[in-house]
Amino acid sequence: QVQLVESGGGLVQAGGSLRLSCTASGHTFSNYVMGWFRQAPGKERDFVAAISRSGSTTYYADSVEGRFTISRDNAKNMVYLQMNNLKPEDTGVFYCAARNSYVLGRTTHDYDYWGQGTQVTVSS
């Protein structure tokens, strides 16, 4: 199993940038597809980005394509989400998630482990 802890959230003005980090505890981090999800107030948790086990393949939600970049460092058991040109609609709790598969997932049901989340607030 994997334990995940997110960090790096905060308050930023529209157009600004943040870099989220997710630290994983476990011996088989490289066996997991990793993803980021976002949950806005009063809404469901939505897919943001995913990355393959090796880091060679990524996939993004249309709403963040070209603005966000997901990456991972398996040697450090870390996954990152670089967020540029942030918009107020990006506001929400961002969750790091792990999927015990080699296939990328785009729904919450595809992922097996979740972090506690980190708050991102984007002001106008």
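# Briefing: salt bridges, disulfide and sheet in a predicted model

The chain holds 3 salt bridges, a salt bridge being a side-chain nitrogen of Lys or Arg within 4 Å of a carboxyl oxygen of Asp or Glu. The structure is a predicted model, in which local features need pLDDT of at least 70, side-chain atom pairs count only at pLDDT 80 or more, and totals for chains, interfaces and linings use all residues. Residues are numbered from 1 along each chain as its sequence is written, and side-chain values use heavy atoms, with hydrogens and water left out.

**Salt bridges around D90**

- The side chains of D90 and R38 form a salt bridge, with 2.8 Å from N to O.
- D90 belongs to the loop between strand 8 and strand 9 and R38 to strand 4 (residues 33-39), so this pair ties together parts that are 52 residues apart in sequence. Strands (E, at least two residues) and helices (H or I, at least four residues) are DSSP runs, numbered from the N terminus.
- A second salt bridge brings together the side chains of R67 and D90, again with an N to O distance of 2.8 Å.
- This pair links distant parts of the chain, 23 residues apart: R67 is in the loop between strand 6 (58-60) and strand 7, and D90 is in the loop between strand 8 and strand 9.
- D90 counts as buried at 2% relative accessibility, where buried means under 20% relative accessible area, exposed means over 50%, and partly exposed lies in between (1.4 Å probe, protein chains only).
- R38 is buried at 12% relative accessibility, and R67 is buried at 9%.

**Salt bridge between D110 and R99**

- The side chains of D110 and R99 meet in a salt bridge at 3.7 Å, N to O.
- D110 is in the loop between strand 9 and strand 10, while R99 is in strand 9, so the pair ties together parts that are 11 residues apart in sequence.
- D110 is partly exposed, its relative accessible area being 24%, whereas R99 is buried at 15%.

**The disulfide**

- A disulfide is a covalent bond between the sulfur atoms of two cysteines. The rule applied here is a pair of cysteine sulfur atoms within 2.5 Å.
- C22 and C96 form the disulfide, with their sulfur atoms 2.1 Å apart.
- C22 in strand 3 (residues 18-25) and C96 in strand 9 (residues 92-99) are 74 residues apart, and the pair links distant parts of the chain.
- The torsion about the S-S bond of C22 and C96 is about -80°, so the disulfide is left-handed.
- C22 is buried, with a relative accessible area of 1%, and C96 is buried, with a relative accessible area of 0%.

- Two strands pair if DSSP finds at least two bridges between them.
- Strand 1 and strand 3 pair in the antiparallel sense over 5 bridges, and E6 stands opposite C22 in strand 3.
- Strand 3 is joined to strand 8 (residues 78-83) by 6 bridges, and these two strands run antiparallel.
- T23 stands opposite M78 in strand 8.

**S101 and its surroundings**

- S101 lies in the loop between strand 9 and strand 10 (113-114), and S101 counts as buried at 16% relative accessibility.
- The side chain of S101 reaches the backbone nitrogen of V103 at 3.0 Å.
- Apart from its neighbours within four places in sequence, S101 is in contact (heavy atoms within 4.5 Å) with N31, Y32, V33 and R53.

Note on methods. A polar contact is a pair of N or O atoms within 3.5 Å; within protein, one must be able to donate a hydrogen and the other to accept it, and residues adjacent in sequence count only if both atoms are side-chain atoms.
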